[in-house]
Amino acid sequence: MYKENGNISIHTENIFPIIKKWLYSDKDIFVRELISNASDAISKLKRLASIGEANINADTKFEVRVLYNKDNNTIKFIDNGIGMTADEVKKYINQVAFSGAEDFISRYKDKMDEANQIIGHFGLGFYSSFMVSEKVEIDTLSFKEGAEAVKWRCTGGTEYELEASERSERGTTVTLYLDEEGKEFLNEYKLREIIEKHCSFLPVEIYLENEKEERKEDRKPLNDTQPLWTKNPKDCTDEEYKEFYTKVFKDFKEPLFWIHLNVDYPFNLKGILYFPKLKHELDASEGQIKLYNNQVFVADNIKEIIPEFLLLLKGVIDCADLPLNVSRSFLQKDANVIKISKHITKKVSDKLTELFKKERDKYNSFWDDINVFIKYGCMRDESFYDKVKDILIFKTTNEEYITLQQYLERNKEKHEKKVFYVNDEVQQAQYVKLFKENNLEAIILNSAIDSHFINFLEMKESGVQFNRIDSDLSDVLKDNEAAVDESKAKELEDMFKANLGKDKLTIKVESLKATRIPAIMLLSEHSRRMQEMSAMFRGMDVKNMFPSEETLVINKNSELINALLDMSNNEDKKEDIKLICEHIYDLALIGNKQLGAEEMAKFIERSNKILEKLI
């Protein structure tokens, strides 16, 4: 009876890089590798049959079976693919890092469809089985006519046994005899979870079975052999895209829209990127983009190929041209990676531009959900900004969505290149009301990212200056036709200074249009920005380094202010004048920001005094 003993040789050209670093970071990766190898074996046979170099029955059902046996402490990986001869076992198994996939591709590359590449490249995946096994057996029969079945056996050292086998069916069975630590993988639910994570979309059906139980007739594969991204976009329906999204990401909120990537040149790239609907801004911290290599899961959110700002999205990307390392878990540095990343960015900007031009109403309705990622993308990737700068829109206080250029054009006669914005519609409601009463508009910038985005736009858009709605109102609301009597203005300024006792507060008197409000508070845009920026640095005395430049603007057109002037010469009204000045100041302050605890207590006490005087 045929039997051979020998030593496993090392294919040194490929193995040295692996010796320098751990090959696999996760033990469960052996499941992915052995199933991928089984899938490759079937893919190879199909390729050979398609070019007339192998004969297979037309009704052959190709599949990969994973059988676990708790009594024997074994897991078997079975395929009905190409199989191996004794010589091929010696070549591909005994020579570590000699890839059967690469050898196969090099021999048949002129007759293969390069869009459907074999998965394996390094010839190391099989050896991941020794991470959990004390012994591994391979029982295989080649498709070649007259081939004899062989069995290979190894206990994890460099010694192996190779002998004749009684196997009669074409294909390969890899049997792992698990060591003590490896027994955790005999759990059906754990195995199922690993297979569904790494192999959910392999092109060959995968079945998980208990070896001790009878094979079920109604069994279903664990994977989808034709995932949606492999289909032509024109053949996919909206419902299919939504169902795929729910299935993959377990998110039952419908995505806003999606981009189907389908590229054959200069690299092979397919995938679907979804723009999810966010419940609130914190949801945008990180999405989930799954990266696949020939339908084998590689990892989530690999930043080398997925531009960082796109990681806010959800999606799947499958690229056969990824320069993976030997563990198929990380990317190697390669020019293709940069090209693929730039192409993905371009496809996203093209889709957004198409929506803006052809479906503007829909684009507007999406804006509240997608603006965070677009703004972040602009700041992180200058090329992305150049592509989308003309489709950046802003919601106005009049409930419209307009571009920056539209805003500047509509308001150039009123305030040239100044852009007024609101970052808290509730707190700044008084200022918004003033704007509307005077047929003015501001844009709404209420995301956490907007303070940074404003600075970015000012650097990019020459001469454009952003001002919060409470920073510079006097210029746009001043009634130039109602002249202010300088002597009365001086009297009002002195009155408020004396009664408020705030040396650092600037007080101005203006005639404001279309409002009965006695006073408003303005806060310098520059000093406020410096405070906000400095607040990010712990231990910095922000208030003393960058004091607030507050200006109390007294409205000379207010009836209350004019009544206060009339009271100024009445000695008996001094207490009332002080009460009213303080209250006007606090009302102006409340319209600008929340009062502190002590300020609020005084405001309530003073309000009660005023009510008592009305009785």
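**Close-up 1. Surroundings of arginine 606.** Not counting residues up to four places away in sequence, arginine 606 touches Leu579, Glu582, His583 and Asp586, where contact means heavy atoms within 4.5 Å. The model is predicted: local features need pLDDT of at least 70, side-chain atom pairs count only at pLDDT 80 or more, and totals for chains, interfaces and linings use all residues. Residues are numbered from 1 along each chain as its sequence is written, and side-chain values use heavy atoms, with hydrogens and water left out. Arginine 606 lies in helix α19 (residues 597-614); helices are DSSP runs of H or I, at least four residues, numbered from the N terminus. Its relative accessible area is 9%, so arginine 606 counts as buried (under 20% relative accessible area, 1.4 Å probe, protein chains only). The side chains of arginine 606 and aspartate 586 are joined by a polar contact of 2.9 Å (a pair of N or O atoms within 3.5 Å; within protein, one must be able to donate a hydrogen and the other to accept it, and residues adjacent in sequence count only if both atoms are side-chain atoms).

**Close-up 2. The largest nonpolar core.** This core has 97 residues, and those with the most contacts inside it are Leu352, Ile370, Phe373, Ile374, Phe496 and Leu552. Helix α8 (residues 360-380) supplies the largest share of this core, seven residues. A nonpolar core is a set of buried Ala, Val, Leu, Ile, Met, Phe, Trp, Tyr and Cys residues joined through side-chain atoms within 4.5 Å. Leaving aside neighbours within four places in sequence, isoleucine 370 is in contact with Leu256, Phe257, Phe275, Leu352 and Tyr363.

Methods: Buried < 20%, exposed > 50% of the residue type's maximum accessible area, 1.4 Å probe, protein only. Helix = DSSP H or I, 4+ residues; strand = E, 2+ residues; numbered from the N terminus.
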